[in-house]
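The tour below goes from one selection to the next and says what is found at each stop.

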Amino acid sequence: MIYLQLGDAMIFPDKSLATRLENNLAQDMLEYVIAFNHLFPDYGATYREIGGGIAIYTGQFIHSAIGLGLNSPISNADMETLEAYFRANQVASEIEICPFTDASFLRLLNERHYHLTDFTTAYIHPLYTIQPPPKLNPDIIVEPITNTEKDLWVQTVIDVSPDDHATDSRLAQAVTHRAHTTCFLAKLDGEPVGASALSIRDSVATFYFTATRQAYRNQGVQTAMIQARLDYAKAQDCEMAFATSIPGNHSMRNVMRAGFRVAYVRCTMVKNF
C-alpha cells in the first residue's frame, strides 16, 4: 500500500481521501458558475446536482460532471437526468471519474456507450512533512494579488496562451471572482511573468491555473509559484495541497520535485449525442 506521511499520521490514497478531494473539485466548479453568473449574467452558465456530484455548463469553457458515484450509487435515472442536462446545452456528456467510484457507475458508463478520452493524475502534498528547500530564483517574486491587480492577473493569463481559445478573458476573470480562491502573480524585475491560483476548503489547498509566459519559461517561475502557494497554504493551516496534471507534462515534474506524490489517476468519459 502506498501512503503519504502527514506529521505522525499517514494519508492513504483511499476512497475517503478521493471523495474529499473530488468533492472539493466539484465545489470549485460550482463557484465557476456562480462567478460567471455574477460577471456575465447573459452567458447562461448553469449547474445541476446529480448522483452525489455536480454537472456544470459554462459554454465553450467548461462542461463536465465531477464527484458522481463517490457519495452514493448511480442509477439509470441519474444518467438520464445527466444526459438530458448536457443535451439541452448542446454539448457532449462529459464525466470525470476516479478509481474509487461506485462499480455500478462503471457498468452504466459501459452500457450507455461512453468512451475514454483522457487521463489526469491527482497529486497530494502533506504540508507538515519535512521537505528539503527548493532551489528558487531569488529574482522571482510571487505574491497574492491585490484587488487592483485583478486585471493585470487576467492579462498575464491571456499572454501565456494567446492562441488558446479555451482560455479567454472571461474564464480568467471568473477565477479572480471565485469564492475561496486566491490568485498569485509572479514578477521578475517588476514584470509579470506568471499567474497561478489556489482554492482552500476543508483544510485542502487545491492548486490550479499555473501558467508561465513563454519568454520566461525554464527560469524557475513555476517552481517559485508552487512554493509560494505551499507556504501560503501552510500559513492558512491547511493539512494538504492538491493538484492535478496531464501525465508526463512539465507540471507533473515540477509538482513532484516540490514534494507532491501521486494519489490516484482520474479519467474523462464522454458520450456524444
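Select Lys-271 and Glu-83 and show their side chains: the two meet in a salt bridge, with 3.3 Å from N to O. Lys-271 belongs to strand β13 (residues 261–271) and Glu-83 to helix α2, so this pair ties together parts that lie 188 residues apart in sequence. The model is a predicted one.

**Along helix α2 to Glu-80**

Stay on helix α2 (residues 76–88) and pick Glu-80. Which residue forms a salt bridge with Glu-80? The partner is Arg-112, and the closest N and O atoms are 3.0 Å apart. Arg-112 sits in the loop between α3 (103–111) and β7, 32 residues from Glu-80, and the pair links distant parts of the chain. Are the two partners buried or exposed? Arg-112 is buried, its relative accessible area being 11%. Glu-80, with 46%, is partly exposed, because that value falls between the 20% limit for buried and the 50% limit for exposed.

**Helix α1 and strand β10**

Next, select Glu-31 and Arg-201. Their side chains form a salt bridge of 2.9 Å, N to O. Glu-31 is in helix α1 (residues 15–39) and Arg-201 in strand β10 (residues 191–201); the pair links distant parts of the chain, 170 residues apart. Glu-31 and Arg-201 are both buried.

Together with Glu-31 and Arg-201 they form one network, joined by salt bridges that share partners. Over the whole structure, a search finds twelve salt bridges.

While helix α1 is in view, select Asn-24, which is found in that helix. Asn-24 is buried, with a relative accessible area of 4%.

**The cavity**

How many cavities of 30 Å³ or more does a search of the whole structure find? The search finds one. The largest cavity holds about 30 Å³ of space. To see its surroundings, select Glu-22, Gly-67, Leu-68, Leu-70, Glu-96, Ile-97, Cys-98 and Thr-101, which line it. Colour the selection by class: four lining residues are nonpolar, two are polar and two are charged.

Ser-72 is found in the loop between β5 (63–66) and α2. With a relative accessible area of 29%, Ser-72 is partly exposed.

Gln-90 is placed in the loop between α2 and β6 (93–97). Its relative accessible area is 75%, and Gln-90 is exposed.

Then move to Asp-202, whose phi is near 55°, also a positive value in a residue other than glycine. Asp-202 lies in the loop between β10 and β11 (204–212). At 47% relative accessibility, Asp-202 counts as partly exposed.

**A nonpolar patch**

For the last stop, switch to a surface view and select Leu-116, Phe-119 and Val-265. These residues make a nonpolar surface patch of about 260 Å². Phe-119 is in strand β7 (residues 115–126). Phe-119 counts as partly exposed, with 43% relative accessibility.

Key
Residues numbered from 1 in each chain as written. Predicted model: local features only at pLDDT ≥ 70, side-chain atom pairs only at ≥ 80, totals over all residues. Heavy atoms only, no water. 1 Å grid on protein atoms, 1.4 Å probe; cavity = no way out; pocket = protein on both sides within 12 Å on 5 of 7 lines; lining within 4 Å. Points joined across faces, edges and corners; volume = space filled by probe spheres on them. Nonpolar A, V, L, I, M, F, W, Y, C, P; charged D, E, K, R; others polar. Patch = residues over 30% accessible without salt bridge, like charges linked within 9 Å, V, L, I, M, F, W, Y side chains within 5 Å. Areas by Shrake-Rupley, 256 points an atom, 1.4 Å probe, with all protein chains shown as cover. Salt bridge = Lys/Arg side-chain N within 4 Å of Asp/Glu carboxyl O. Helix = DSSP H or I, 4+ residues; strand = E, 2+ residues; numbered from the N terminus. Buried < 20%, exposed > 50% of the residue type's maximum accessible area, 1.4 Å probe, protein only.
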